[in-house]
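The following note sets out points for a colleague who is reading this model.

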Amino acid sequence: CTCGKPDCDNSRGKHPLHTGWQQEATIDQDKIEEMFQNDGVNLGIKTGADSDCWVLDIDGGDGEAELTTLESAHGALPQTLTAKSCKGRHLYFKHPGWAVPNRVRISPQIDIRGDGGLIVSPPSKHYSGVQYEWVNPLDNVEPAPEWLLEIVQQSAARKLAAEKLGKNGFELPSFGTRLTEDEVRHMLTF
């Protein structure tokens, strides 16, 4: 384990076994089998343009409720390759050809694994003992609907703006907030 977390016990987890994993990611069956010679090694899939996929990570019942709300407002997601995770499920979508952000939340219990990221995949075993499983292993990785891609882009833009503005000592106003002329001028100085 190279996660650098002081409380890590180097056991099965969601972190890479070693540094440089991005360059060593492979689809070579012999190399994969060699990696699994080590006891306790899990399988991770590199997400983003290189693997031509990104993942919607839905955590638990709250995440499912949030997804239901999104689908009620925008339409159902297509049936796509899906895996059961420790707390929920992972929906795999075809990479759209533009930079998909990694580790961006689109709601409190739904986030994205995109460019530069990875996702633990079946048949890995979570340190809790729960095994990751394919729900529909024969399904294709489908394109995400436009409404979901728009939400992904908006969430990434909000995160980036909040990070930049937060460094300058003030918070982003919430949507619907009316700003005074002085507040707008102050924001524009940055």
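**Notes on the predicted model**

1. In this predicted model, the largest nonpolar core has 19 residues. Those with the most contacts inside this core are Trp 54, Leu 56, Leu 77, Phe 93, Ile 106 and Leu 148. Two or more residues each are given to this core by β2 (53-59), α3, β4 (88-94), β5 (104-107), β6 (110-113) and α4 (146-167). The largest share, five residues, is that of α4.

2. Another core, of six residues, lies apart from the largest one; among its members are Cys 53, Val 55, Ala 83 and Tyr 92.

3. As to the overall architecture, the protein has five helices and nine strands. Along the sequence the elements follow the pattern α-α-β-β-α-β-β-β-β-β-β-β-α-α. Among contacts with a separation of 6 or more, 67% are between residues 24 or more positions apart.

4. Of the 190 residues, 32% count as buried. The accessible surface of the protein comes to about 11,900 Å², and carbon and sulfur atoms hold 51% of that surface.

5. Thr 80 sits in the loop between α3 (60-74) and β3 (82-84). Its relative accessible area is 2%, so Thr 80 counts as buried. The side chain of Thr 80 reaches the backbone oxygen of Tyr 92 at 2.5 Å, and a polar atom of this side chain lies 3.4 Å from the backbone oxygen of Asn 140. With residues up to four places away in sequence not counted, Thr 80 touches Leu 91, Tyr 92 and Phe 93, as well as Asn 136, Asp 139, Asn 140, Val 141 and Glu 142.

6. How many disulfides does the structure hold? The number is zero. Cys 53 has a relative accessible area of 6% and is therefore buried. Cys 86, with a relative accessible area of 26%, is partly exposed.

7. The backbone has some features to check by eye. Most peptide bonds are trans, and most residues other than glycine have a negative phi. Pro 122 and Pro 123 are joined by a cis peptide bond, with omega about 5°. Pro 123 is placed in the loop between β7 (117-121) and β8 (133-134).

8. Asp 52 is not a glycine, yet has a positive phi of about 60°. This residue is in the loop between β1 (43-47) and β2. At a relative accessible area of 32%, Asp 52 is partly exposed.

9. Where does Arg 103 lie? Arg 103 is found in the loop between β4 and β5. Arg 103, not a glycine either, has a positive phi of about 60°. Its relative accessible area is 54%, and because this is over 50%, Arg 103 is classed as exposed.

Technical notes: Residues are numbered from 1 along each chain as its sequence is written. This is a predicted model: local features need pLDDT of at least 70, side-chain atom pairs count only at pLDDT 80 or more; totals for chains, interfaces and linings use all residues. Side-chain values use heavy atoms; hydrogens and water are left out. Helices (H or I, at least four residues) and strands (E, at least two) are DSSP runs, numbered from the N terminus. Buried means under 20% relative accessible area, exposed over 50%, partly exposed in between (1.4 Å probe, protein chains only). A polar contact is a pair of N or O atoms within 3.5 Å; within protein, one must be able to donate a hydrogen and the other to accept it, and residues adjacent in sequence count only if both atoms are side-chain atoms. Contact means heavy atoms within 4.5 Å. A disulfide is a pair of cysteine sulfur atoms within 2.5 Å. Accessible areas come from the Shrake-Rupley method with a 1.4 Å probe; for residues, only the protein chains shown count as cover. A nonpolar core is a set of buried Ala, Val, Leu, Ile, Met, Phe, Trp, Tyr and Cys residues joined through side-chain atoms within 4.5 Å.
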